[in-house]
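Please examine the sequence and the model shown below before reading on. The paragraphs after it are meant to be read with the structure in view.

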Amino acid sequence: MSMSDPLGDMLTRIRNAIGRRKMRVVIPASNLRCRVLDVLRSEGYIRAFSHVDFHNGQSDIDIELKYRDGSSVIREISRISRPGRRVYVSVRSIPYIANGLGISVLSTSKGILADHEAREKNVGGELLCRIF
C-alpha cells in the first residue's frame, strides 16, 4: 500500500512511541524525514537518529527519543500542512509556538528549517509541523 503522507506517518509513529514510553522507534527512510529529524535533533527534541540499510536496497531510520525526569521532551507533535491542504506562510506570519517555547518546522527555499532559523534567513515556506 502506498503512503500518501510519509511525514504525517513519521509524526504519528513518534507520538505513539512517546505514548508507550518507548526509547526507540523505527520508521522507513526518506530524505524529507531525515531533514526534519536533523532539525529535531539540533533543537534538542530527540537524542539521535541513524540509518539502517538492508541488502535489498531499502533502509530504515532508528530514532532515539529523549526523556527528562520520566516524561518526554516532546509534549505535542502535530502535522500542519497536509497533502489535502497545504499551508504556506511568509516570514512575517511564521507562528510562535507556545510563546517561543516550541518550534514550527518549515520547508523553505533554503532547506528544512526551524522557525527561528527561517526568520534569521528572512524566508517563508510551507509550514510542515509544530513541536513543543
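The following explanation goes from a sheet and its helices to the nonpolar cores, and then to one threonine.

This is a predicted model, in which local features need pLDDT of at least 70 and side-chain atom pairs count only at pLDDT 80 or more, while totals for chains, interfaces and linings use all residues. Residues are numbered from 1 along each chain as its sequence is written, and side-chain values use heavy atoms, with hydrogens and water left out.

Helices (DSSP runs of H or I, at least four residues) and strands (DSSP runs of E, at least two) are numbered from the N terminus. Three strands make up an open sheet with the order S1-S3-S2 and antiparallel pairing; two strands pair if DSSP finds at least two bridges between them. Strand S1 (24–28) and strand S2 (46–53) each have a single partner strand, so one side of each is left without a neighbour in the sheet. From one strand to the next, the twist averages 20°. S1 is joined to strand S3 (residues 59–65) by five bridges, and Val25 has Ile63 in S3 as its bridge partner.

Two helices accompany these strands. Helix H1 (residues 6–19) lies across S1 and S3 and runs at about 160° to S1. Angles run from 0 to 180 degrees between N-to-C directions, and axes are lines fitted to C-alpha atoms, for helices over the stretch in contact. Helix H2 (residues 31–42) packs on the sheet, where it touches S1, S2 and S3, and its direction makes about 155° with that of S2. Contact means heavy atoms within 4.5 Å.

A nonpolar core is a set of buried Ala, Val, Leu, Ile, Met, Phe, Trp, Tyr and Cys residues joined through side-chain atoms within 4.5 Å. The largest has 30 residues, of which Ile14, Leu37, Ile63, Val105 and Ile131 touch the most other members. Elements that each supply at least two residues of this core include H1, S8, strand S9 (111–114) and strand S10 (125–131). H1 gives the most, with six residues. Another core, of nine residues, lies apart from it, and Val87, Val89, Leu106 and Leu113 are among its members.

Where is Thr108 placed, and in which strand? Thr108 belongs to strand S8 (residues 103–108). Thr108 counts as buried because its relative accessible area is 11%, and buried means under 20% (1.4 Å probe, protein chains only). The side chain of Thr108 reaches the backbone oxygen of Gly111 at 2.7 Å.

Conventions. Buried < 20%, exposed > 50% of the residue type's maximum accessible area, 1.4 Å probe, protein only. Polar contact = N/O pair within 3.5 Å; in protein donor to acceptor, adjacent residues only side chain to side chain.
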